[in-house]
Amino acid sequence: MRDVTELPHDLFLIVISHLSPQTCVRCRSVSRRWHRAFTDEANCLLLLRWNFPRCREMRLTLLSSSSSQKSPDSLSTNLKAELVQFAQVPRVWSSIFAHVARRYHHLNRATARVVDKLDMAPSQNHLFSFWGVAPWNRYLRLNEKTASFHYPDPSWWYSQEDGVLVYPATKAKGDSPPLEATGHIYHIIDLSAGLEFPVPFDVRQKHIRRVRLAQGALVFEWAEVLPYHQLNDREVVHRHYVSIFDVVRHPSPSLNSSNCFWTITFRSEFKLHFLGLPLNRSDRFFSTHTATHYAVYFWQPNRSLYQDDPIEQIAVWDISSPSPYRPSEDPKGRKRPGVERTPSLPTGLWSGKSKISPSSSSSSSSTNGTTPCPPSPDPPINEPSSDLERPRRFSLPQPTSGPVVIRRIAWSQLDFYDLRQRATPQLRNLSLDDRNLYFIEEEHRWADGQHSSLSPPRVHLVRSTGIPIIPSGCRRPSPQQQQQSVVYGPIYLDSCGADGDVNMSFCRRVAPPTSSIASLNAVSENNLIAQFRPGGENTGLDEGAIGEWPWTPGYNNPHLAPCWRHEDFPYLTVSEMADIAAGVRISARHCFMLETLSVHVRPEITVRGSGAADVDGGGWSAKKGKKEDRDEVKRAREKEFRMRTEKGEEEVNLWGELLAKGHISGDERWVLGEDENGQITVVRF
C-alpha cells in the first residue's frame with residue numbers, strides 16, 4: 001500500500017472522518033488519485049452528513065427525499081417550490097461540500113468572504129418618501145453618558161423563510177420602464193441567484209410608514225401625502241392604509257437551471273385606522289403579521305382636557321382572503337363590492353328584528369376559545385321569513401370580501417391582561433403565531449427619557465405575554481360561519497428579570513456558545529452525527545427527524561421572553577440574526593456600561609453556532625463523537641467579527657457598515673444591515 005487511498009473503503013471512511021472539512025478539500029490537490037477519492041460523490045455526501053448535518057443543503061436533501069413527502073402540509077408554498085427546484089437539478093456533492101465547507105470556514109473565523117453593497121433610493125425626495133413610525137423616547141444614561149435603547153424601523157426587510165430582500169431601488173432593472181413612470185421603487189431580490197423583480201406598488205403620493213415581509217406576505221403600511229382632516233390648530237390627520245402582496249416562488253421551467261423566479265401579486269388592501277393618524281413623533285403603532293393574520297397596536301396621546309392617559313387599542317385582521325378592492329382609491333366607499341355573507345353581528349341587531357334568532361344566540365354564547373359548530377343557515381337578511389319579522393329599518397351595508405377584523409381589544413381588556421402601557425410604555429414589539437398575539441415588553445435599569453419607568457427593575461426585565469386571539473378550527477370561516485365569537489382563554493406569561501447572582505449569571509437561559517440556548521433549541525447535534533457516522537446502526541436519512549426540523553415560522557418561539565438582549569450582561573444585544581434551523585447566530589452587542597469607564601471599548605459583532613463540526617481542525621473524536629478541544633471551538637465561535645479589505649491589511653468598522661439602523665438579518669449564508677451612508681451591506685460567507 002502506497003497511500004491512504006488504497007485502503008479498503010470502510011477503513012478509508014474512518015480515516016477521513018477524523019479530518020476537518022478544510023483538510024478534506026485541500027487533499028484534492030495532492031494528486032489525481034487523491035482528487036478522485038476526495039471528490040467521490042458518495043464520500044462527499046458522507047462528509048456533509050458528518051460535518052454539516054444542519055446546513056441548508058442537507059435540510060433540503062432531507063425534505064426532498066421520497067420519505068419526507070408524507071406530511072408536506074406543514075411546509076410553506078415557497079419552500080415547496082424550492083424543494084421542487086432542488087429535486088429537479090442534478091446535485092454534484094463534491095462542489096456542494098466544498099461550497100459549504102468554505103461557508104462555515106468563514107463563519108467559524110468570523111470573517112467575510114465577499115461584501116456587497118446595494119444602493120437604496122433616498123427618502124424625502126420627489127418620488128419616494130419613507131416616514132417611519134417614531135420609536136419610544138427612551139435611551140440609556142449612566143454617568144452622564146447616553147446610548148440608544150430604541151432604533152427606527154429600516155426602509156427594507158429580509159425574510160429568512162423566503163430568502164429574499166425587499167428594498168427601495170435606485171433604478172429599474174433590465175427592460176423595465178423607468179421608476180419615475182411607474183413608481184415601482186420597491187424591488188424583491190433573490191440574493192442566492194442575484195435576480196431582481198419589481199413590486200407592483202406605486203409609492204408616488206405616499207408616505208411609507210413601515211415595510212415587512214414574512215411567510216410570503218409583503219406588507220406596506222403607508223399614509224396619504226395630503227391630509228384630509230384638521231385635528232386641531234396645529235395637527236392634521238392623514239389616512240393610513242395597509243397594502244398586502246403575495247410573494248410566490250416558482251421553479252424554473254428549465255431542468256438544468258437552479259434559479260427560481262418570483263411573482264409579486266396584489267392580495268388586498270384595508271384601512272389601518274378609521275380616523276387616520278397624524279404624521280408626528282407622538283402617535284405610534286406597532287404591527288406584526290403572518291400569512292393569514294395581521295395585528296396592530298395603537299398608542300396615541302390623549303388630546304382631551306379631562307383625560308391624561310393615552311389612547312390604546314388592538315385590532316386583528318384576517319387577511320387570508322384576496323380582494324381587488326382598494327379603499328385608498330374609493331375614500332367614500334361607494335364602489336365597495338358586497339358579498340353574500342352572514343354578518344358578524346347577531347341577526348336581530350343587524351337586520352332590525354326585535355328578537356335574536358336561536359342560532360345567533362347560541363353562537364354568541366360560545367365564547368370558550370373554540371370555534372362553534374356551523375349554525376344552521378339563517379334566512380337572507382333582505383328577505384324576511386314572514387311579514388311579522390320584517391325589519392323596521394334598512395339593513396346596514398354588507399361587508400366586503402378581503403380583510404376582516406376578527407378581534408378588537410380596548411382599554412378595559414388591556415387592563416385585564418395587565419398590558420396597558422399608559423405614559424411609561426415598555427412595549428418593544430408584537431409577535432403572532434397561529435393562535436396567539438404576543439406582547440414583547442422590556443425595561444432597563446438605566447433607561448431614561450420621557451417614556452422611562454418611574455420604578456425601574458434591578459437590572460434588565462424582558463417579558464412576553466400571549467393573548468389567545470385567533471379561533472381554533474378553520475382559518476377562514478365560510479359564509480355560514482361568520483357569526484364569530486370572541487376568543488377567551490388564559491394568557492401566557494414568560495418573564496426574565498435578570499437579577500443576577502454571585503456568578504454574574506444574569507439570565508437562566510444563558511448557555512455557552514458551543515451549545516444552543518433554550519430559545520434556539522433544535523435537533524440534538526450529537527444524535528444527528530451518530531446517525532450518519534460510519535459503522536452506526538442508521539446510515540441513512542432519519543424519517544423521524546423530518547418533523548423536528550425547524551422550518552416552520554413558529555419555531556422561533558415568540559412566546560419566550562427575549563433573553564438574548566441581556567445574555568452577556570453588561571453587554572446589551574442591539575440586534576441578532578438567528579438561523580434556528582442551521583444553529584447559527586450573529587449578535588451585535590453594545591457594552592454601554594464599560595464604555596462609561598474606558599474610551600477604548602468598542603461594540604462587537606459575534607458569531608455563534610452549534611450546527612457544524614470544527615471546520616479548520618480538530619475533527620471528531622472516534623469514541624464519543626464530540627469535539628476534541630472545546631476551548632478552541634469556543635474561542636473560534638465567539639469573537640469579534642472583523643471585516644477586512646482584499647489585501648487583509650486594513651480593518652473596516654463593521655458596526656458602522658451594518659448597524660446604522662440597529663437592525664441586522666440574514667441566515668447562515670449571509671448577514672445584512674444598513675451602513676451610515678444609507679446603503680445595504682450584504683456580508684457573504
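With a relative accessibility of 47%, Leu 275 counts as partly exposed, where buried stands for under 20% relative accessible area, exposed for over 50%, and partly exposed for values in between (1.4 Å probe, protein chains only). The model is predicted, so local features need a pLDDT of at least 70 and side-chain atom pairs count only at pLDDT 80 or more, while totals for chains, interfaces and linings use all residues. Residues are numbered from 1 along each chain as its sequence is written, and side-chain values use heavy atoms, with hydrogens and water left out.

Leu 275 sits in the loop between strand S13 (261-271) and S14. Together with Tyr 228 and Phe 274, Leu 275 makes a nonpolar surface patch of about 320 Å². Patches are made of residues with over 30% relative accessible area and no salt bridge, like charges being joined within 9 Å and nonpolar side chains (Val, Leu, Ile, Met, Phe, Trp, Tyr) within 5 Å.

The protein chain comes to 15 helices and 30 strands; helices (H or I, at least four residues) and strands (E, at least two) are DSSP runs, numbered from the N terminus. Of its 685 residues, 52% count as buried. The accessible surface is about 31800 Å², and carbon and sulfur atoms account for 51% of that; areas were computed by the Shrake-Rupley method with a 1.4 Å probe, and for residues only the protein chains shown count as cover. Among contacts (heavy atoms within 4.5 Å) between residues at least 6 apart in sequence, 65% join residues at least 24 apart.

Helix H4 (residues 41-51) is mostly covered, nine of its eleven residues being buried. The buried residues include Cys 44, Arg 49 and Trp 50. At the start of H4, a side-chain oxygen of Asp 40 comes to within 3.2 Å of the backbone nitrogen of Ala 42. Such a polar contact is a pair of N or O atoms within 3.5 Å; within protein, one must be able to donate a hydrogen and the other to accept it, and residues adjacent in sequence count only if both atoms are side-chain atoms.

Salt bridges come next. The structure holds 29 of them, each a side-chain nitrogen of Lys or Arg within 4 Å of a carboxyl oxygen of Asp or Glu. In one, the side chains of Lys 117 and Glu 657 meet at 2.3 Å, N to O. This pair links distant parts of the chain, with Lys 117 in strand S1 (residues 114-119) and Glu 657 in helix H15 (residues 654-658), 540 residues apart. Lys 117 is partly exposed at 34% relative accessibility, whereas Glu 657 is buried at 18%.

Arg 428 and Glu 442 form another salt bridge, their closest N and O atoms being 3.3 Å apart. Arg 428 belongs to strand S18 (residues 427-432) and Glu 442 to strand S19 (residues 436-444), so the pair ties together parts 14 residues apart in sequence. Here Arg 428 is partly exposed at 22% relative accessibility, and Glu 442 is buried at 1%.

In the salt bridge of Glu 576 with Arg 585, the closest N and O atoms are 2.7 Å apart. Glu 576 is buried at 17% relative accessibility, and Arg 585 is buried at 6%. A network of salt bridges also links Asp 309, Glu 312, Asp 415, Arg 420 and Arg 422.

Polar atoms of the Arg 284 side chain lie 3.2 Å from the backbone oxygen of Ala 134 and 3.1 Å from the backbone oxygen of Ser 282. Leaving aside neighbours within four places in sequence, Arg 284 is in contact with residues including Trp 136, Tyr 297, Phe 298, Trp 299 and His 451.

Val 574 lies in strand S23 (residues 571-579) and is buried at 5% relative accessibility. Residues up to four places away in sequence aside, Val 574 touches several others, among them Tyr 151, Arg 428, Trp 564, His 590 and Trp 655. Val 574 and Trp 564 are ten residues apart along the chain, and their C-alpha atoms are separated by 9.4 Å.
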